[in-house]
Amino acid sequence: MANNCNVTEFVGSNPTGDTIGLVIANVDQQLLDAMKLKKYYRSIGIVGARTGAGPHIMAADEAVKATNTEIVSIELPRDTKGGAGHGNLIIFGGEDVSDVRRAVEVTLGEVNRTFGDVYANEAGHIELQYTARASHAIETAFGAEVGRAFGLIVGAPAAIGVVMADTAVKSATVDVVGYASPGNGGTSHSNEVILFISGDSGAVRQAVVSAREIGLQLLGSLGDTPVNGQPSYI
Amino acid sequence: MANNCNVTEFVGSNPTGDTIGLVIANVDQQLLDAMKLKKYYRSIGIVGARTGAGPHIMAADEAVKATNTEIVSIELPRDTKGGAGHGNLIIFGGEDVSDVRRAVEVTLGEVNRTFGDVYANEAGHIELQYTARASHAIETAFGAEVGRAFGLIVGAPAAIGVVMADTAVKSATVDVVGYASPGNGGTSHSNEVILFISGDSGAVRQAVVSAREIGLQLLGSLGDTPVNGQPSYI
Amino acid sequence: MANNCNVTEFVGSNPTGDTIGLVIANVDQQLLDAMKLKKYYRSIGIVGARTGAGPHIMAADEAVKATNTEIVSIELPRDTKGGAGHGNLIIFGGEDVSDVRRAVEVTLGEVNRTFGDVYANEAGHIELQYTARASHAIETAFGAEVGRAFGLIVGAPAAIGVVMADTAVKSATVDVVGYASPGNGGTSHSNEVILFISGDSGAVRQAVVSAREIGLQLLGSLGDTPVNGQPSYI
């Protein structure tokens, strides 16, 4: 996490995903009106990246658990610098600017972990996420139930995601919370199929692991063996 | 068409466009519900790619003619790995898994032909497609009439596509079936103008050839002479 | 501005942004119907690019001031060749083909100036635009009032744009005309936050300059010092 910037609003950056973390102690009222956030706070934390949606939302979920803040906006640009997925713009709100700053710091740190099961090669990427207990960022972004285990399964090109999703739901008893594809479900036209699952922690973990196994083989058929840039956490 | 993958669902891949072909013999019911396909089949074939929409839809049209299958979903991510166009996710349905597998195989093979009139340089690409007899994939994707000749004309950056479209319709008596641009007509915000034409086979072919000629000159004005990676078929 | 193309419709090109300028003296009626322009003209001018929305719209605004033409369509593909922003497709209409051609020529020339405050590094870009007197292209694209000073502030990744926007509106008394983000306001899912401001010329200029200063520092925290490819004009 670099800290080479003297701007007051700068909290830190993380080269993973070209991620930046910022805080505004007292947002201008005219801007706040224009931003149309879910709820108005004077202090907002801002996390954004060129690459990564799942990793940052999972990281933000830990930040929300660890601080007295909430997520007031999540937007997913079509990005990844020519890759098949998203970047992100996540906004935290809180009554206390130090809480908001702390949420941004936690997110910047957690991103190292949550990129652990993103595997890529020259043809695309797969991504897996898992938590034993979803909190409010995951609820806001994916509609999953707070307190239950949650899993995220992504394949790109999107065709791979369809088979990963089928493998996941066949390998364990889990509930499908959502399914997103290039033209539906809020993917901003990324070349991904994404499955959101909920259930008992062991079952969700099993489904995610099975999807990872088949996804790595399918993506590998299009190029080199897919590799992760951070250690796997699932 | 590579075949270096031991996953049951894997049918094959084609390096052109980073194309993968897959089949699921018996899709999980929960997933099937979430996918919201046009019609439910237990057996689905899946073709996806990072680069190419027209080439894969034209190839899928041949697959539908050759097998007892139908197209139940076509989605066009904004992709091409930093280029100006789309990738794709095409789903076939059929009563018999061997039919569905055959449809995927035909598509993977036809893609070598249908990339024949995609010409690119460092500034963009143009694409031409032609068939003397459109079938159901073309009807589903583009709204063209089954059994009539069909032509597709694409220019990127989009400005080039406008002049190609004008040249096409002035060069022969054809019907405009549709026009798509970055903000309209389902392009997923690609930097393309696309014209869909229908009519007598000689006229459609003439219109497509005229558009190709002017498109190559205009795209060439922005960089090197545009080249195709496969032999021209029109 | 190159002129190495013998096609009648070719007006010129500009390597900045991979920009091409074209004119059609008498558009085919069938095509004109399909294009659904704001107003029908037989003669249309076409400017398109792989990279740049603000620069081309600001340039087109000068073209509209200088000629007897109007803007009949502006569309913003998600492009920049793997970067975080847009390309564009801008269509001019006029009663006289020589007016339309002149509008395209002015736009191609002005682009050299309007790219002056686009600064980029490997992580993203920031963009600033300013005019003391907005005309009809700016009104059409951004909803700003004709005749007033207008400023445009862009940061990518989008998080940087939020802080730039806040800094701008705190540094001078200006009116927020609009705010666009990856999921709202017509950005075609680019990884940008964009603020549109209006007001007295001195105040707008001050706001833009303040946003530029903080934007350069924030973007610089993610990589090399951001640089502009053309001389700054603000």
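In this predicted model, Ala180(A) finds its bridge partner in strand 10 of chain A, namely Ile194(A). Strand 10 covers residues 193-199 and runs antiparallel to strand 9 of chain A, with five bridges joining the two. Zooming out, the pair belongs to an open sheet of six strands in chain A, ordered 9-10-8-7-6-11 with antiparallel pairing. Strand 9 (175-180) and strand 11 (227-228) sit at the edges with a single partner strand each, so one side of each has no neighbour in the sheet.

Helix 2 of chain A (residues 54-66) lies across strands 6 (118-121), 7 (124-131) and 8 (149-156), running at about 20° to strand 7. Helix 6 of chain A (residues 201-220) touches strands 6, 7, 8 and 10, and its direction makes about 170° with that of strand 7.

Turning to chains B and C, the contact draws on 35 residues from chain B and 36 from chain C. About 2700 Å² is buried between them, with carbon and sulfur atoms giving 64% of that area. On the chain B side, Tyr179(B), His189(B) and Ser221(B) lose the most area to chain C, together 19% of what that side buries.

Helix 5 (158-171), strand 9, strand 10 and helix 6 of chain B each supply at least two residues of the side touching chain C, and helix 5 of chain B gives the largest share, nine residues. By class, that side of chain B has 19 nonpolar, eleven polar and five charged residues.

Conventions: Residues are numbered from 1 along each chain as its sequence is written. Chains are lettered from A and ligands numbered from 1 in the order in which they are written. This is a predicted model: local features need pLDDT of at least 70, side-chain atom pairs count only at pLDDT 80 or more; totals for chains, interfaces and linings use all residues. Side-chain values use heavy atoms; hydrogens and water are left out. Two strands pair if DSSP finds at least two bridges between them. Helices (H or I, at least four residues) and strands (E, at least two) are DSSP runs, numbered from the N terminus. Contact means heavy atoms within 4.5 Å. Axes are lines fitted to C-alpha atoms, for helices over the stretch in contact, and angles run from 0 to 180 degrees between N-to-C directions. Buried area is the accessible area (1.4 Å probe) that two parts lose on being put together, summed over both. Ala, Val, Leu, Ile, Met, Phe, Trp, Tyr, Cys and Pro count as nonpolar, Asp, Glu, Lys and Arg as charged, and the others, Gly among them, as polar.
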